[in-house]
Amino acid sequence: MGMCCHGAPRPSLLLHPSQGVSLGDPVTLHCHLPQPAAWVELYQDGQLRSSKEMDQKQDAVEFSLAGIKKEDSGTYQCQYQGLQPAGISEKSDPVELVVTDHSYAPPGISLCPKEHVEMGSNITIQCWNKEYGAVFLLHKDGHSAPIQRQKLSVGGCATFPLLRVTPADSGTYRCSYRVGGCCLLFSPLGDNVTLEVIPRPAPPGDNGGASRDLVAAVVGRWVAAIVFIIILSVSVLLVAQRRQMQSDERPGGEGV
């Protein structure tokens, strides 16, 4: 096992649950196979963690982790030995098993200058803790992954800038921090702050001015068309009148 040649299509690996895992929780890793396999291997942080022989009819295999410990947090991949065609697959895309340790205090959070701001303002979110942590993460409700991360600054405080905010930046924000030492071990999420970005009102008369410009453009085109028609009609009449006069001046133009 662990051969380096690759010929089989890459498998995929999924975690269940994929979020909100705490120490002591059970987790299942599902390795989905695109073709029959002889065996499947599970890797944690690049090192072989487990291996299973396969029934040829199986298109997936489960690896169960009961009672998650901090050492179980990390990056996982799976790989298999294909049958038809034969060959070792590439490893699956990595998935992260992030574990929350509730023995660590959740971080504090503050929003500056305030929770209701106009579009285009610059906002600062600060997160802090008292004792632990090397990296702070900023989370926004509705996003599965942190939207920003920052190394711990002096005084156990991290600053996350939100520049020239738009209504899309409105929402609820929280912080967590990665516990120093090992693994993907994080604190619980802290309290939240809510940001509301107020769209700037349109300057007075902007819509009216645009409407007036449109009306003026339409009226101008109509006036130009009418003037053109009048000039064309007068030209036609003058040409007809001149031809009539020329006809009258010819000999025999009048009856005998």
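The model is predicted, so local features need pLDDT of at least 70 and side-chain atom pairs count only at pLDDT 80 or more, whereas totals for chains, interfaces and linings use all residues. Residues are numbered from 1 along each chain as its sequence is written, and side-chain values use heavy atoms, with hydrogens and water left out.

## Overall organisation

The protein has 1 helix and 19 strands; these elements are DSSP runs numbered from the N terminus, with helices being H or I of at least four residues and strands E of at least two. Of its 256 residues, 31% are buried, where buried means under 20% relative accessible area, exposed over 50%, and partly exposed in between, with a 1.4 Å probe and protein chains only. Among contacts (heavy atoms within 4.5 Å) with a separation of 6 or more, 63% link residues 24 or more positions apart.

## Nonpolar core

In soluble globular proteins, nonpolar side chains tend to be buried together. Here the largest nonpolar core has 43 residues; such a core is a set of buried Ala, Val, Leu, Ile, Met, Phe, Trp, Tyr and Cys residues joined through side-chain atoms within 4.5 Å. The residues with the most contacts inside this core are Leu13, Leu29, Val40, Tyr76, Leu97, Ile125 and Leu195. Not counting residues up to four places away in sequence, Tyr76 touches several residues, including Leu13, Leu29 and Leu97, as well as Arg49 and Asp93.

## Cysteines

The structure holds 2 disulfides, a disulfide being a pair of cysteine sulfur atoms within 2.5 Å.

| Disulfide | S to S distance |
|---|---|
| Cys31 and Cys78 | 2.1 Å |
| Cys127 and Cys175 | 1.7 Å |

The torsion about its S-S bond is about 80°, so the disulfide of Cys31 and Cys78 is right-handed. Cys31 is buried at 0% relative accessibility, and Cys78 is buried at 0% as well.

In the other pair, Cys127 belongs to strand β13 (residues 123-128) and Cys175 to strand β17, so parts 48 residues apart in sequence are tied together. Cys127 has 0% relative accessibility and counts as buried; Cys175 is buried with a relative accessible area of 1%. Cys157 is in no disulfide, and the nearest cysteine sulfur, that of Cys127, is 7.6 Å away. Cys157 is buried with a relative accessible area of 17%, while Cys112 is partly exposed at 47%.

## Largest pocket

The largest pocket contains about 790 Å³ of space. A pocket is an open set of points on a 1 Å grid over the protein atoms alone, where a 1.4 Å probe fits, with protein on both sides within 12 Å along at least five of seven lines; lining residues have an atom within 4 Å of a point. The lining has 30 residues, of which Gln19, Val98, His139, Ser144 and Pro146 lie nearest the pocket centre. Elements giving two or more residues to the lining are β1 (12-16), β9 (95-97), β14 (135-140) and β17 (171-178), and β14 supplies the largest share, 4 residues. The lining divides into 14 nonpolar, 10 polar and 6 charged residues.

Thr172 lies in strand β17 and is buried at 19% relative accessibility. Leaving aside neighbours within four places in sequence, Thr172 is in contact with His139, Lys140, Asp141, Asn192, Val193 and Thr194.

Conventions:
Grid points are joined across faces, edges and corners, and a volume is the space filled by probe spheres set on the points. Ala, Val, Leu, Ile, Met, Phe, Trp, Tyr, Cys and Pro count as nonpolar, Asp, Glu, Lys and Arg as charged, and the others, Gly among them, as polar.
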